[in-house]
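Here is a short report for a reader new to this structure. Look over the sequence and the fold before reading on.

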Amino acid sequence: MAFIGDADEQNNPSITTLKILIIGESGVGKSSLMLRFVDDSFDPEQPATIGVDFRVTSMVVDGNRVKLAIWDTAGQERFRTLTPSYYRGGQGIICVYDVTNRSTFEHLDHWMTEVDTYSTKDDAVKMIVGNKIDLPNRVVSREEGMKFAKRHRALFIEASAKTKEGVQCAFEELIQKIIQTPGLWDSDKPTFRLGQQATGGDGMCGC
Ligand SMILES: Nc1nc2c(ncn2[C@@H]2O[C@H](COP(=O)(O)OP(=O)(O)OP(=O)(O)O)[C@@H](O)[C@H]2O)c(=O)[nH]1
């Protein structure tokens, strides 16, 4: 898997654009994970997101170029009225908690309920990310995170937006799983059926 710039679009046109959402409590590091992935940057004083932030990037998965529209949602309750529109058409959902803050882990149930309520794609790929593993004061074990993810049929990874650990891997695994899920990303395209165009309706081209 590799990242390629816009100049390569002509050589290797993207097969699809995927919508990826990042959700979770305020302060868990959603924006930081997105910015680490898209810009390879980290701000120790990252300001809270207002409403939603949005970045576009691309990557090559198994030789296929894929565009990614990454939606970084605000964790703060006062922005939750925007919720349903965030989820529309999302093929990948990254749900983040902070391994040093147990309440962010306990709130994962709420976030998964929200995913079930608003997600418009039943087979959207879910991933649980335990962030901030660089910090010494961890209170949520890796096993607890894995168990939660398994219960919700979600992928699981621990990461640090600060040190980069696990960040690239998280996005790669998610995108790969989406691409490997039949109908999740290719079903929105209009399918051209020869039979509909034929005058005789016999499945043969009518020209
Ligand atoms: N040590 C450490 N700090 C982090 C990490 N990720 C994020 N932070 C810090 O945690 C704080 C919150 O990060 P954000 O990325 O703004 O969190 P958020 O989930 O987007 O927050 P909202 O926009 O309010 O929903 C910032 O001060 C970040 O610098 C990490 O992996 N390790």
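The sections below cover the overall fold, the paired strands and the ligand shell.

## Overall fold

This is a predicted model. The protein chain has 207 residues, and 35% of them count as buried. Seven helices and six strands make up its list of elements. Read from the N terminus, their order is β-α-β-β-α-β-α-α-β-α-β-α-α.

## Paired strands

Strand S3 covers residues 64–73 and pairs with strand S1, residues 16–24. The two run parallel, joined by seven bridges. Within this pairing, Leu21 has Trp71 of S3 as its bridge partner.

S3 also pairs with strand S2, residues 52–61. Here the strands run antiparallel, and ten bridges join them. Val60 stands opposite Arg65 in S3. S2 and S3 form a hairpin with two residues between the strands. In that hairpin, Asp62 takes a positive phi near 50°.

## Around the ligand

The ligand is surrounded by 24 residues. Ser26, Gly29, Ser32, Thr49 and Gly75 are the closest. Which element gives the most to this shell? Helix H1, residues 30–39, does, with three residues.

By class, twelve residues of the shell are polar. Six are nonpolar and six are charged.

Conventions. Residues are numbered from 1 along each chain as its sequence is written. This is a predicted model: local features need pLDDT of at least 70, side-chain atom pairs count only at pLDDT 80 or more; totals for chains, interfaces and linings use all residues. A residue is near a molecule or strand if its C-beta atom, placed from the backbone, lies within 6 Å of it. Helices (H or I, at least four residues) and strands (E, at least two) are DSSP runs, numbered from the N terminus. Ala, Val, Leu, Ile, Met, Phe, Trp, Tyr, Cys and Pro count as nonpolar, Asp, Glu, Lys and Arg as charged, and the others, Gly among them, as polar. Two strands pair if DSSP finds at least two bridges between them. A residue is buried if 20 or more other C-beta atoms lie within 10 Å of its own, exposed if 12 or fewer, and partly exposed in between; C-beta atoms are placed from the backbone.
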